[in-house]
Amino acid sequence: MSEWWRGATIYQIYPRSFQDSTGNGIGDLNGITKRLDHVAALGVDAIWLSPIFMSPMKDMGYDVSDYTDIDPLFGTLADFDALIARAHELGLKVIVDQVLSHTSDQHEWFKESRTSRTNDKADWYVWAEPSADGTPPNNWPSVFGGAAWEWEPRRRQYYLHNFLIEQPDLNMHNADVQDEILKSMRFWLERGVDGFRLDTVNYYFHDTELRNNPPAPQHIIDEQVDTYGMQNHIYSKNRPENIAFLKRMRALTDEFDARMMVGEVGDGGQTAIDIMGEYTRGDDRLHMCYSFEMLGPKFTAAHFRNTIEGFQKGAPDGWPSWSFSNHDVQRHVTRWSEFSENPDDLAKQAAAMLMSFEGTIGIYQGEELGLAETELEYSELTDPPGLRFWPENKGRDGCRTPMVWDASEDGAGFSASKPWLPVKEPQKMRSVNTQTQANDSVLHAYRETIAFRKMSDALVKGSTEFIDLPEPLLAFHRVAEGQTLTCVFNLSKSSQTVSLGSEAKISGPHNASISNGNLILGPNGFAYLESGETAGVTLKKTA
């Protein structure tokens, strides 16, 4: 069975913001199909589509009302089939988002479940009796603020919603629910999808005793701007029962050739790394996982090293997926801006560093242009967390603004009418057509770096051996049979010099030079080094 996903590069498309083909200001499937040549030209192996299924769009499609149909906002099943056909023609695999921990409150299952305690779907969601004083049954909070429980007067019970009130949690302890979820996944596998991105994969099960979560450590509580992070969520998610269901999902995908699953672990710190390891261990669980460890503000050699080594120790036979940006976090060129004087240098270094990591790589639309976070006014927001917690939490709209294709057109070529989120001048200036014409652009750097990775067995398949160098230097060997590539990155604004203990030459994309036996790394400098030594290039920081 083909394991095409190992070492692959996956390009995430946010459908609402990729290309509008109808003129309504919202991206759609036909628009994506129209722009797939751009994606293929990057050299990536697959696309991941954020949710395109039937939805009231309270959370931009992450509130699904029908798991087996396309929302008319994006097109039809026929449009989806055409997209898959064109992607496969271009050599691109197609991965779709599966939001299985919860549905929309407009899903037919929930409409029935909420009517009584005796209907056929009565136990398909997480229902609980109120406390003696009528308050929620425990202290679990919602990610989007407030309690994770909402009162339903018809049943005189609370239902669980880890996210919006309109997103009730499915009761995965119910075997019928599991069967129906697997049936919906089979529908898409038979339609030709190559894999699934599993939203909030560690939220599927809850503690049936509904025990209170304990508080998080005080130093973590002190950092929070909302209440969710103030608890250690050992009962509301991360439950051991999840493993058995992951095995059922894996058995399903294994019925089909060359399919895969990548799970989103909605946690941070060592907990996330441990869960990634647990969920990908062996060959009967998920193919790979990603967490938010590299999607945060930390930009140090120690952080990247500790994250990768933590996974290596926790799942020596597992497989990780790494990315720096996605639809849920501030774009990394903005997030790490304090570590660079030049956003283009930072964007190019980020590409080189990400493509050097062991595992599968994810990049987010617009990342290849070096797009920064869009600054929005409150009146321009659509995202629930931003609307509720502004300005401390500005929400996720700033990373979801439309793709910029042509700087000469209104809306940067995204739409003929007013886009659902604004296209502003700093983003427009980085359009695809502008960067295509500039040989030193971020876009060309991404194409070059992805191509270099694909040609290197060491980067695609090799193991990782870290080199002890002081901050701000991150260095490691990538070792495959017959090849060792030494990767070096200067994570700072100031130049750094590293002594080379053996003969070396720079190979591939770089922002560095060699002089008198030293590797000279400019601000945000980086290099891939080759030598005649099977152990790789020896490095030592100069005084």
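A polar contact is a pair of N or O atoms within 3.5 Å; within protein, one of them must be able to donate a hydrogen and the other to accept it, and residues adjacent in sequence count only if both atoms are side-chain atoms. The structure here is a predicted model, where local features need pLDDT of at least 70 and side-chain atom pairs count only at pLDDT 80 or more, while totals for chains, interfaces and linings use all residues. Residues are numbered from 1 along each chain as its sequence is written, and side-chain values use heavy atoms, with hydrogens and water left out.

Ser-502 gives an example of a polar contact: a polar atom of its side chain lies 3.4 Å from the backbone nitrogen of Thr-538. Ser-502 sits in the loop between β17 (496–500) and β18 (505–506). (Strands are DSSP runs of E with at least two residues, helices are runs of H or I with at least four, and both are numbered from the N terminus.) Is Ser-502 buried or exposed? With a relative accessible area of 16%, Ser-502 is buried, a label that means under 20%, whereas exposed means over 50% and partly exposed is in between (1.4 Å probe, protein chains only).

Next come the sheets. Strands of a sheet pair through backbone hydrogen bonds, either parallel or antiparallel. Two strands are taken to pair if DSSP finds at least two bridges between them. One of the residues involved is His-477, whose bridge partner in β16 is Thr-486.

Another open sheet has eight strands, and here the pairing is parallel, with the order β11-β10-β9-β5-β2-β1-β13-β12. The edges are β11 (288–290) and β12 (321–323), each pairing on one side only. From one strand to the next, the twist averages 25°. Trp-322 has Ile-361 as its bridge partner in β13. Helix α3 (residues 77–89) lies across β2 (46–49) and β5 (93–98), running at about 140° to β5; contact here means heavy atoms within 4.5 Å.

Finally, there are the charged pairs. Side chains of opposite charge can pair when their charged atoms come close. The structure holds 33 salt bridges, each being a side-chain nitrogen of Lys or Arg within 4 Å of a carboxyl oxygen of Asp or Glu. Among them is the one between Glu-3 and Arg-6, with the closest N and O atoms 2.7 Å apart. Glu-3 is partly exposed at 42% relative accessible area, and Arg-6 is partly exposed at 31%. In the salt bridge of Arg-211 with Glu-209, the closest N and O atoms are 3.8 Å apart. Arg-211 counts as partly exposed at 33%, while Glu-209 is exposed at 57%. Asp-284 and Arg-285 also form a salt bridge, with the closest N and O atoms 3.9 Å apart. Asp-284 is partly exposed at 31%, but Arg-285 counts as buried at 15%. Elsewhere, salt bridges that share partners join Asp-59, Asp-328, Asp-383, Arg-396 and Arg-400 into one network.

How values were computed: Axes fitted to C-alpha atoms, helices over the stretch in contact; angles between N-to-C directions.
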